[in-house]
Amino acid sequence: MAIQTVAVFACVLAAALAAPAYPTPAAYPAPAAAYPAPAAYPAPAYSAPKSYAPEPAYAPAPYNFEYSVHDDATYDIKSQSEYSDGNGYVKGSYSLVEPDGTKRIVEYTADDYNGFVAEVKKEGTPSYSSAPAYKPAYKAPAYSAPAPAYSAPAPAYSAPAYSAPAPAYKPAYSAPAYSAPAPAYSAPAYSAPAPAYSAPAYSAPAPAYGYSTPAPAYGHAAPAYKQSYAAPAYKQY
């Protein structure tokens, strides 16, 4: 075991001695600042806070009040009473009838040490029966429109009467009477004259050509000649 430890140590020492030695890098100078140092600003001067006059001290003003409302028509039933000694201590209570028929009672106190402290109590049993029909506590006044105190005046003039006048114009002449005159001549009588000539007599002349059909140079029969037109027929007019 000791031999192995010495061998390992020898290997580590040989590796450390065989490592190349590098020169120490040269130190570079710090770069010069490219901007000027900020100018020193004077500290701001603050004026002393303005002094205010102390609040005036008032003499204690104790009070005591109470009121109550009881209106069955509108179901508004409530009351309140309160007392203060004028030095910050207040004590009072109020009550009201809830829509379910119960009565809520609140007793409270208030001072500078404990603040506002209230105790709430309920009296009665809730009832959800239908509320009675509302009845107004007063009768609405009845108004009637007053009759007009004036009458339309009768017209002070009569309508004019107009009549169409009869025409006074009469024609001074009578319409002329015209009759168609009888014709002074008689209608001429015309008769068609008889023709003064006789119709000519025409006869179709015989054809003036007489030639013989030459013998064909090919071996078939010569065509029979046929007259290509008919003799004209003349009618007497």
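Let me begin with one glycine. Setting aside neighbours within four places in sequence, Gly88 is in contact with Ala110, Asp111 and Asp112, where contact means heavy atoms within 4.5 Å. Gly88 is found in the loop between β2 and β3. With a relative accessible area of 30%, Gly88 is partly exposed; buried means under 20% relative accessible area, exposed over 50%, and partly exposed in between, using a 1.4 Å probe and protein chains only. Gly88 and Ala110 are 22 residues apart along the chain, and their C-alpha atoms are separated by 7.5 Å.

A word on the source. This is a predicted model, in which local features need pLDDT of at least 70 and side-chain atom pairs count only at pLDDT 80 or more, while totals for chains, interfaces and linings use all residues. Residues are numbered from 1 along each chain as its sequence is written, and side-chain values use heavy atoms, with hydrogens and water left out.

I turn to the chain as a whole. There are 1 helix and 5 strands, arranged along the sequence in the pattern α-β-β-β-β-β. Helices (H or I, at least four residues) and strands (E, at least two) are DSSP runs, numbered from the N terminus. Of the 237 residues in the chain, buried residues make up 5%. The chain exposes about 23600 Å², of which carbon and sulfur atoms supply 62%; these areas come from the Shrake-Rupley method with a 1.4 Å probe, and for residues only the protein chains shown count as cover. Among contacts in the chain with a separation of 6 or more, residues 24 or more positions apart account for 21%.

Two strands pair if DSSP finds at least two bridges between them.

Now the individual pairings. Strand β2 (residues 76-84) and strand β3 (residues 90-97) run antiparallel and are joined by 7 bridges. Ser84 stands opposite Val90 in β3, and Val90 in turn stands opposite Ala110 in β4. The hairpin of β2 and β3 has 5 residues between the strands, and Gly86 in the turn has a positive phi of about 85°.

β3 also pairs with strand β4 (residues 103-111), in the antiparallel sense and over 8 bridges. Here Lys91 has Thr109 in β4 as its bridge partner. β3 and β4 likewise form a hairpin with 5 residues between them, and Gly101 in the turn has a positive phi of about 95°.

Is the loop residue Thr102 buried or exposed? Thr102, in the loop between β3 and β4, is buried, with a relative accessible area of 2%. Not counting residues up to four places away in sequence, Thr102 touches Leu96, Val97, Lys122, Glu123, Gly124, Thr125 and Pro126. The side chains of Thr102 and Asp100 are joined by a polar contact of 2.7 Å. A polar contact is a pair of N or O atoms within 3.5 Å; within protein, one must be able to donate a hydrogen and the other to accept it, and residues adjacent in sequence count only if both atoms are side-chain atoms.

Gly115 is partly exposed, at 27% relative accessible area. Beyond its neighbours within four places in sequence, Gly115 is in contact with Thr109 and Ala110. Gly115 and Val90, 25 residues apart in sequence, are 9.9 Å apart in space, C-alpha to C-alpha.

Finally, the aromatic rings. The structure holds 2 aromatic pairs. One of them, Tyr63 and Phe65, is stacked, at 6.3 Å centre to centre with 20° between the planes. Rings of Phe, Tyr and Trp (its six-membered ring) pair if their centres lie within 6.5 Å; planes under 30 degrees apart count as stacked, over 60 as edge-to-face and the rest as tilted. Tyr63 counts as partly exposed at 35% relative accessibility, and Phe65 counts as partly exposed at 33%.
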